[in-house]
Amino acid sequence: MTRHNFKNLDVWKLSKELCKEIYLATNSFPSEEKFGLISQIRRCAVSIPSNIAEGTGRSSNKDFARFIDISLGSCFELETQIILSNDLGFLDNEKSIFLQEKLRKIQKMLQSLHNRLQTPDS
């Protein structure tokens, strides 16, 4: 197995950037959502780069791929929460579309990394 430094992975950098944008976007949510949607969205966003980082420390590509799967799951969960936040009027259409586009790019990068980790020569 090739050891990865998560700080050098573009997908980690982009997901960390998205996480910061999510925190800023949720600052304007209603205060009654502090322990509801805000908390859930932020946990999901943090989970994406965190699982990428944790996966790089695992002893095999199979283990690393499992953490990439978890990051992917968090991406889809976050996408749903962004859509719901837009539906509820907490995020405007422009911000929602921007965040979803960035999230789709991360999803594609994670899927590509996962596929590479599954090949015998990786």
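Modeller: Let us begin with the cysteines: a disulfide here is a pair of cysteine sulfur atoms within 2.5 Å, and a search of the whole structure finds 0 of them. Cys19 is in no disulfide, its nearest cysteine sulfur being that of Cys44, 10 Å away. As for the basis of all this, the model is predicted, so that local features need pLDDT of at least 70 and side-chain atom pairs count only at pLDDT 80 or more, while totals for chains, interfaces and linings use all residues. Residues are numbered from 1 along each chain as its sequence is written, and side-chain values use heavy atoms, with hydrogens and water left out.

Colleague: Which cysteine sulfur is the closest to that of Cys44?

Modeller: Cys44 is buried, because its relative accessible area is 4%, where buried means under 20%, exposed over 50% and partly exposed in between (1.4 Å probe, protein chains only). The closest cysteine sulfur lies 9.0 Å from that of Cys44, which is too far for a bond, and the residue that carries it is Cys75.

Colleague: Is Cys19 buried or exposed?

Modeller: The relative accessible area of Cys19 is 12%. With the limit for burial set at under 20%, Cys19 therefore counts as buried.

Colleague: How far apart are the end C-alpha atoms of helix H4, and why does that agree with its number of residues?

Modeller: Helices (H or I, at least four residues) and strands (E, at least two) are DSSP runs, numbered from the N terminus, and H4 covers residues 93-118. The expected span of a helix is 1.5 Å times one less than its number of residues, so the 26 residues of H4 should span 38 Å. That agrees with the model, in which the end C-alpha atoms of H4 are 37 Å apart.

Colleague: At the start of H4, which backbone nitrogen does a side-chain oxygen of Asp92 reach?

Modeller: A polar contact is a pair of N or O atoms within 3.5 Å; within protein, one must be able to donate a hydrogen and the other to accept it, and residues adjacent in sequence count only if both atoms are side-chain atoms. At the start of H4, the side-chain oxygen of Asp92 comes to within 3.2 Å of the backbone nitrogen of Glu94.

Colleague: With which residue does Arg58 form a salt bridge?

Modeller: Arg58 counts as partly exposed because its relative accessibility is 30%. The closest N and O atoms of the salt bridge are 2.6 Å apart, and the partner of Arg58 is Glu54.

Colleague: With which side chain does Glu79 make a polar contact?

Modeller: Glu79 lies in helix H3 and is buried, with a relative accessible area of 15%. Leaving aside neighbours within four places in sequence, Glu79 is in contact (heavy atoms within 4.5 Å) with Gln100, Leu103, Arg104 and Gln107. The polar contact has a distance of 3.2 Å, and the side chain that Glu79 meets there is that of Gln107.

Colleague: How many aromatic pairs does a search of the whole structure find?

Modeller: Rings of Phe, Tyr and Trp (its six-membered ring) pair if their centres lie within 6.5 Å, and planes under 30 degrees apart count as stacked, over 60 as edge-to-face and the rest as tilted. Phe6 and Trp12 form an edge-to-face pair, 5.0 Å centre to centre with 70° between the planes. Phe29 and Phe90 form a tilted pair, 5.3 Å centre to centre with 45° between the planes. The search of the whole structure gives a count of aromatic pairs of 2.

Key. A salt bridge is a side-chain nitrogen of Lys or Arg within 4 Å of a carboxyl oxygen of Asp or Glu.
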